[in-house]
Amino acid sequence: MSEYSWPSENGRCQAAGAALAWPGTVRSLPVGTSITGEVIGRQPFGVFLSVDGRPEAVGLARVDRMPRCMELPPVGQLVTGEVVWHAEHNHQVGIVLREWAEHEDLLPRFVERVGQAVTGRVTKIAPIGFFVRIADCVEGIVPLTEPVADIAKSVREGQTVSVWIVAVDLERSRVVLAAESVA
């Protein structure tokens with residue numbers, strides 16, 4: 001099985017009964033209802049769910065509601081969540097997964113730490129700079145201001161480094177860092 005799949009590829013095609021059952025689905029699953037279900041398909045935009053107690057209902061947990069450091073659950077995993085919308089045009093029930101809703105975004109805590117030094121682990125080296133994880137689900141980039149012939153001589157993935165927090169952009173979920181030892 002590939003990383004991405006449609007429910008029909010996993011033997012779960014509920015579309016036929018969904019249109020007929022739609023009025024009952026909306027009545028039994030109003031916004032705010034807690035649900036349990038099984039992941040029956042994965043796409044880059046989210047996961048499809050078979051909602052327990054409503055076999056004709058197709059739930060969709062969209063990736064735009066997923067914390068940036070989490071991954072989509074695999075097909076077959078049981079999940080819990082809450083109904084947040086209904087889409088009559090395609091008979092889908094919008095779901096926010098509980099683990100996504102309960103996850104605290106730590107990025108806002110770093111706004112008041114601009115100008116401070118922190119320690120983190122290098123997670124990736126790229127031509128534009130290197131990325132450093134400074135907290136759970138919080139990574140920043142140390143952009144290269146000048147070309148470096150071989151950045152691998154300066155830092156390596158997994159290395160612990162001390163960096164300065166230069167800027168935090170909450171709107172774009174970005175952290176800019178600086179490290180004095182890398183030119």
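**Strands and a cavity in a predicted model**

His86 stands opposite Val93 in strand 5. The model is predicted.

Colleague: Which strand is joined to strand 5, and by how many bridges?
Modeller: Strands of a sheet pair through backbone hydrogen bonds, either parallel or antiparallel. Here strand 5 covers residues 92-97, and the two strands run antiparallel. The partner is strand 4, residues 78-87, and the bridges number six.

Colleague: In what order do the five strands close into a barrel?
Modeller: The pairing in this barrel is mixed. From one strand to the next, the twist averages 50 degrees. The order is 1-2-3-5-4.

Colleague: What distance separates the C-alpha atoms of Val96 and Val83?
Modeller: Along the chain, Val96 and Val83 are 13 residues apart.

Colleague: Which helix gives the largest share of the lining of the largest cavity?
Modeller: The search finds one cavity of 30 Å³ or more. Its space is about 30 Å³. Among its lining residues are Ala18, Trp22, Thr25 and Val93. The largest share is three residues, from helix 1.

Colleague: How many residues of that lining are nonpolar, polar and charged?
Modeller: The lining includes Glu56, Ala57, Val58 and His91. Glu counts as charged, and Ala and Val as nonpolar. The lining divides into five nonpolar, two polar and one charged.

Notes: Residues numbered from 1 in each chain as written. Predicted model: local features only at pLDDT ≥ 70, side-chain atom pairs only at ≥ 80, totals over all residues. Heavy atoms only, no water. 1 Å grid on protein atoms, 1.4 Å probe; cavity = no way out; pocket = protein on both sides within 12 Å on 5 of 7 lines; lining within 4 Å. Points joined across faces, edges and corners; volume = space filled by probe spheres on them. Helix = DSSP H or I, 4+ residues; strand = E, 2+ residues; numbered from the N terminus. Pairing = 2+ DSSP bridges. Axes fitted to C-alpha atoms, helices over the stretch in contact; angles between N-to-C directions.
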